[in-house]
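Please open the model in your viewer and keep the sequence panel beside it.

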Amino acid sequence: MPVEFRADLHIHTCLSPCSELSMTPSRIVERAASLGINIMAVCDHNTVEHVEVTAEIAKKRGISVIAGIEINSSEEVHILGLFENMADALSMQTVVYENLPGENNEDAFGMQVLVNESEEVLGFNKRLLIGATELSVNSIVELIHGFNGLAVASHIDREGFGIIGQLGFIPEGIEFDALEISYRTGRAKAHEMFGPYSHIPWITSSDAHSLDDIGRSTTWFVMEHSTFEEMRLALKGTEGRKVIF
Amino acid sequence: MPCSEGVFFLTGKDFKNAGAASSSLKGILEGMGIPAATIRRVAIAAFEAEMNTIIYAVAGMMNYFITSEMIKIRIQDMGPGIPDIDQAMKEGYSTAPDYIREMGFGSGMGLPNIKRNADVLTVNSILGEGTTVEFIINLTPGD
Amino acid sequence: MKLQEIIDSLSLKVENPSADLSREVTGAYVSDMMSDVMGNAKDGFLWITIQVHLNIIAVASLKNLSGIILVNNRVPAEDTLKKAIEENIPIMTTPLSAFDLVGRLYGLGLRCR
């Protein structure tokens with residue numbers, strides 16, 4: 001029989017330039033743990049380099065970590081890719097890196113720090129992670145599916161970088177597995193604003209860029225255990241699993 | 001009674017702290033004025049679930065939710081998972097290694113003890129991933 | 001029957017004398033398996049066992065037992081004693097075997113309520 005798990009599927013780390021430096025893997029796990037979050041997705045801009053270390057730390061707290069990435073499309077639309085394992089996530093990262101021009105400017109955008117579980121600095125990511133890739137929304141969703149992942153349109157209620165804000169609508173034919181409503185919009189308002197898109201599952205997450213943001217919005221997944229495959233079923237709403245927005 | 005929730009963390013093979021979560025939970029329930037008989041049931045079920053995680057799993061998280069109607073406890077662990085849940089529910093069936101049995105654990109009474117003390121018990125497991133045990137103990141109105 | 005009465009009558013050695021020895025004893029249970037005690041011992045019972053590890057205190061505390069008697073000259077482990085003092089669970093020891101000890105408890109008139 002399925003039970004409820006609390007998930008925050010959009011958390012950044014200090015690797016994202018716009019995040020606080022305090023967002024180290026160990027601290028974000030501690031924060032999520034203190035809030036009783038069962039599933040976390042680490043979604044940095046255009047990179048997955050902090051996923052593995054976060055997953056290892058989280059395991060000791062009984063938290064499942066989903067390998068995620070927030071890809072910035074050529075149209076400046078943010079899309080979350082959620083993957084079953086590191087191999088698939090790394091494959092996605094390879095394609096993203098190949099299509100991501102530019103170098104980071106720390107003064108303008110912030111630092112992109114890579115750390116280990118003891119918070120020791122391993123280096124700085126030189127790429128322009130905040131930049132737009134040369135990949136269209138269509139290509140990104142296809143690629144994510146090609147790597148067996150789930151494609152989620154980030155914070156559709158947000159003007160900047162949300163698909164509806166950037167394109168005016170969600171193009172037909174793009175198969176998102178879920179739409180993310182950010183913490184900014186409540187349920188009632190969301191239904192008012194996005195009624196036409198309610199045939200696609202909705203989730204909400206924190207889009208945390210600082211430790212206090214974590215868990216400010218979470219989604220209940222009703223399923224057997226906290227695995228990626230179960231989450232897939234829950235989003236589809238099949239076999240007794242479901243998502244409570 | 002207001003709804004209350006919290007979380008405890010369980011580390012595999014951490015026998016030094018075994019029972020700490022259930023003890024803390026018992027203290028919390030006592031502070032809320034919940035009847036002693038109900039607390040006894042929660043204590044037994046929580047202890048057995050906690051010990052299962054410590055004895056067999058890598059690590060786990062125990063979430064508890066207390067409302068005016070019920071006490072719900074869910075433990076999600078990170079593996080190894082239970083191959084045959086029906087078998088695991090049988091009294092006396094145990095996969096415990098010797099050093100566990102020498103300590104008096106692994107008698108195969110854990111899950112049956114939870115079942116006997118809870119109103120609803122759910123055990124889900126995915127081999128290689130982990131196990132989720134959730135049980136609910138109902139509160140009668142006026143508690 | 002009060003715990004102190006039993007301690008005196010059977011010459012039990014109390015390892016943590018600061019614990020509450022005035023408790024009413026409502027019965028006794030003999031077992032070396034944790035889940036067995038969790039499932040069957042009742043509030044106020046004395047627990048007779050040879051297990052000396054730390055976890056016996058958690059069990060005794062959760063089940064609200066009146067005390068633990070270690071038989072066959074077993075002594076509590078160091079951390080067990082520390083925990084017993086913290087949790088106020090009386091630990092007593094005796095050279096008697098479980099059979100002899102329990103026989104004498106029964107002889108004192110102790111019955112399970």
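The stops below go from the chains as a whole to single elements.

This is a predicted model, in which local features need pLDDT of at least 70 and side-chain atom pairs count only at pLDDT 80 or more, while totals for chains, interfaces and linings use all residues. Residues are numbered from 1 along each chain as its sequence is written, and chains are lettered from A and ligands numbered from 1 in the order in which they are written.

**The chains**

Colour the model by chain; of the 2 pairs of chains in contact, chains A and B share the most contacts, where contact is taken as C-beta atoms, placed from the backbone, lying within 7 Å. Chains A and C do not touch, and their nearest C-alpha atoms are 22 Å apart.

Next, select the contact between chains B and C, to which chain C gives 14 residues and chain B gives 18 residues. On the side of chain C that touches chain B, helix 2 (34-40) and helix 3 (55-62) of chain C each give two or more residues, and helix 2 of chain C supplies the largest share, 5 residues. Helices here are DSSP runs of H or I with at least four residues, strands are E runs of at least two, and both are numbered from the N terminus.

**The sheet of chain C**

Now select the strands of chain C, where 5 strands form an open sheet in the order 1-5-4-3-2 with mixed pairing; strands pair if DSSP finds at least two bridges between them. Strand 1 (13-14) and strand 2 (27-30) of chain C stand at the edges with a single partner strand each, so one side of each has no neighbour in the sheet. Strand 4 (residues 67-70) and strand 5 (residues 91-93) of chain C pair in the parallel sense over 3 bridges, and C:I68 has C:I91 in strand 5 of chain C as its bridge partner.

**Helix 4 of chain C**

Which residues of helix 4 (residues 78-87) of chain C are buried? They are C:T80, C:K83 and C:A84, a residue being buried if 20 or more other C-beta atoms lie within 10 Å of its own, exposed if 12 or fewer, and partly exposed in between, with C-beta atoms placed from the backbone. Seen down the axis of helix 4 of chain C, the buried residues fall within an arc of 105°, so they line one face of the helix; the arc is that of the directions from the helix axis to the C-beta atoms. The face turned away from this buried side carries the exposed residues C:E78, C:D79 and C:E86. Among what covers the buried residues of helix 4 of chain C are helix 3 and strand 5 of chain C. Just after helix 4 of chain C, C:N88 takes a positive phi of about 60°.

**Strand 10 of chain A**

Finally, move to strand 10 (residues 219-223) of chain A, whose covered face holds A:T219, A:F221 and A:M223 and whose uncovered face holds A:W220 and A:V222. Strand 10 of chain A pairs in the antiparallel sense with strand 1 (residues 3-11) of chain A over 5 bridges, and also in the antiparallel sense with strand 11 (residues 242-244) of chain A over 3 bridges. Centre the view on A:F221, which has A:F5 opposite and also stands opposite A:V243 in strand 11 of chain A.
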